[in-house]
Amino acid sequence: MNTSTAEARTPNHPVVSRERWLAERKALLDREKELTRLRDDIARARRALPWTRIDKDYVFDTPDGPRRLADLFEGRSQLLVQHFMLGPGWAQGCQSCSYMADHIGGMQIHLEHRDVTMLVISRAPLDEIERFRARMGWGFKWVSSHGSDFNFDFGVSFTPEEKARGEVDYNFGKRPFMREELPGVSVFFKDEAGEVFRTYSTYGRGVEVMMGTYDMLDLTPKGRDEHNLAYPMDWVRHHDRYEPAPIAQPAPSGGACCHAGA
């Protein structure tokens, strides 16, 4: 049967005529446009949120020496921070946070040309951060909040007392304790007087904003393909720990079966 002109079904998915495919694609396009408009509306609402002033004097260890939060803007007025899960004494950073950080290199120069500095902050001491960053080959700026309240105040690190209670304040609500470090993204603004304001933070699945690979996977027939895993991101590895990517093998030629059975 010629499946280009009549409906057919593959083992896992329907195959239809070009005309029906086009009709259903246009219907989905209408829904995609609704989502785009909603995303734009939410972005406007996000920008309209009130700000809160940062009054605490946070000091970070950086490769250039101690720096205050206001110094991390590097002459720009906006600062994007990835709260990266790398606690003191950890052998390596979180795989999912590493997956997020792998996306920074390509977008950093574009952000800088829109008055945005982006960097990563973790609670591990700077020497532990630098050791892991060297292994991963990353060039972005990564500073340590070790010894400060920054991670705790921004709800991405948790105390032994919180662990003992079995409950933490994460993603703007009480959650069961999961681990001592969790991911997040925060945004700051510095005005002409040098005052710093927190404008936005997102946690949980909100950090997917940094996972452009997911956006590409969502376009494909198999999508994220995470339904048979122990947990959704169980497939993610540090980029230097993946096995070689599998290569699709061609289907056997028409005579292969006959030769195999000879």
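Okay, let's start with a cluster: ring pairs link Tyr58, Phe60, Phe150, Phe154 and Phe188. Keep in mind that this is a predicted model. Across the structure there are 21 aromatic pairs, and I'll pick out two of them.

Phe60 and Phe150 have ring centres 5.0 Å apart and planes at 80°, so we call the pair edge-to-face. Where do the two residues lie? Phe60 is in strand β4, residues 59-62, and Phe150 is in helix α5, residues 150-153, so the pair ties together parts that are 90 residues apart in sequence. Both Phe60 and Phe150 are buried.

The second pair is Phe84 with Trp142. Here the centres are 4.6 Å apart and the planes are at 50°, so this pair is tilted. Phe84 belongs to the loop between β6 (78-83) and α2 (95-101), while Trp142 is in strand β8 (residues 142-144), so the parts being tied together are 58 residues apart in sequence. Again, Phe84 is buried and so is Trp142.

Staying with rings for a moment, there are a couple of arginines to look at. The charged end of Arg46 sits over the ring of Tyr200, 5.1 Å from its centre. Arg224 does this with Tyr214: its charged end sits over that ring, 3.8 Å from the centre.

Now back to Phe84, and on to the cores. Which residues have the most contacts inside the largest nonpolar core? They are Phe84, Trp138 and Trp142, in a core of 27 residues. The elements giving two or more residues to this core are α2, α3 (104-112), β7 and α4. Helix α2 supplies the largest share, four residues. As background, in soluble globular proteins nonpolar side chains tend to be buried together.

If you click on Phe84 and skip its neighbours within four places in sequence, you'll find it in contact with Gly93, Cys94, Cys97, Ser98, Ala101, Val120, Ile121, Ser122, Phe132, Trp138 and Trp142. Apart from this core lies another one, of 21 residues, with Phe60, Phe73, Val81 and Val156 among them.

How many disulfides does the model have? The count is zero. Cys94 is in no disulfide, and its nearest cysteine sulfur, that of Cys97, is 3.8 Å away. The cut-off here is 2.5 Å between the sulfurs. Cys94 has 12% relative accessibility, so it counts as buried, and Cys97, at 1%, counts as buried too.

You'll find Arg123 in the loop between β7 (116-122) and α4 (126-136). Its side chain makes a polar contact of 2.7 Å with the side chain of Glu181, and there's another, of 3.3 Å, with the side chain of Ser157. Beyond four places in sequence, the residues in contact with Arg123 include Leu86, Pro88, His146, Asn151 and Phe152.

Strand β7 is also where Thr117 sits. With a relative accessible area of 2%, Thr117 is buried. What does the Thr117 side chain reach at 2.7 Å? That would be the backbone oxygen of Phe73. The side chain of Thr117 also has a polar contact with the side chain of Arg76, at 2.8 Å. Leaving out residues up to four places away, Thr117 touches Leu72, Phe73, Glu74, Arg76, Gln78, Leu79 and Leu80.

Last topic, backbone angles. Most residues other than glycine have a negative phi. Phe172 is not a glycine, yet it has a positive phi of about 65°. Phe172 lies in the loop between β9 (167-169) and β10 (174-176), and with a relative accessible area of 61% it is exposed. Asp225 isn't a glycine either, and its phi is positive at about 55°. Asp225 is in the loop between α7 (212-217) and α8 (256-261), and it's partly exposed, with a relative accessible area of 36%.

That's my tour, thanks.

Notes. Residues are numbered from 1 along each chain as its sequence is written. This is a predicted model: local features need pLDDT of at least 70, side-chain atom pairs count only at pLDDT 80 or more; totals for chains, interfaces and linings use all residues. Side-chain values use heavy atoms; hydrogens and water are left out. Rings of Phe, Tyr and Trp (its six-membered ring) pair if their centres lie within 6.5 Å; planes under 30 degrees apart count as stacked, over 60 as edge-to-face and the rest as tilted. Buried means under 20% relative accessible area, exposed over 50%, partly exposed in between (1.4 Å probe, protein chains only). A charge sits over a ring if NZ of Lys or CZ of Arg is within 6 Å of the ring centre and within 35 degrees of the ring normal. A polar contact is a pair of N or O atoms within 3.5 Å; within protein, one must be able to donate a hydrogen and the other to accept it, and residues adjacent in sequence count only if both atoms are side-chain atoms. Contact means heavy atoms within 4.5 Å. A nonpolar core is a set of buried Ala, Val, Leu, Ile, Met, Phe, Trp, Tyr and Cys residues joined through side-chain atoms within 4.5 Å.
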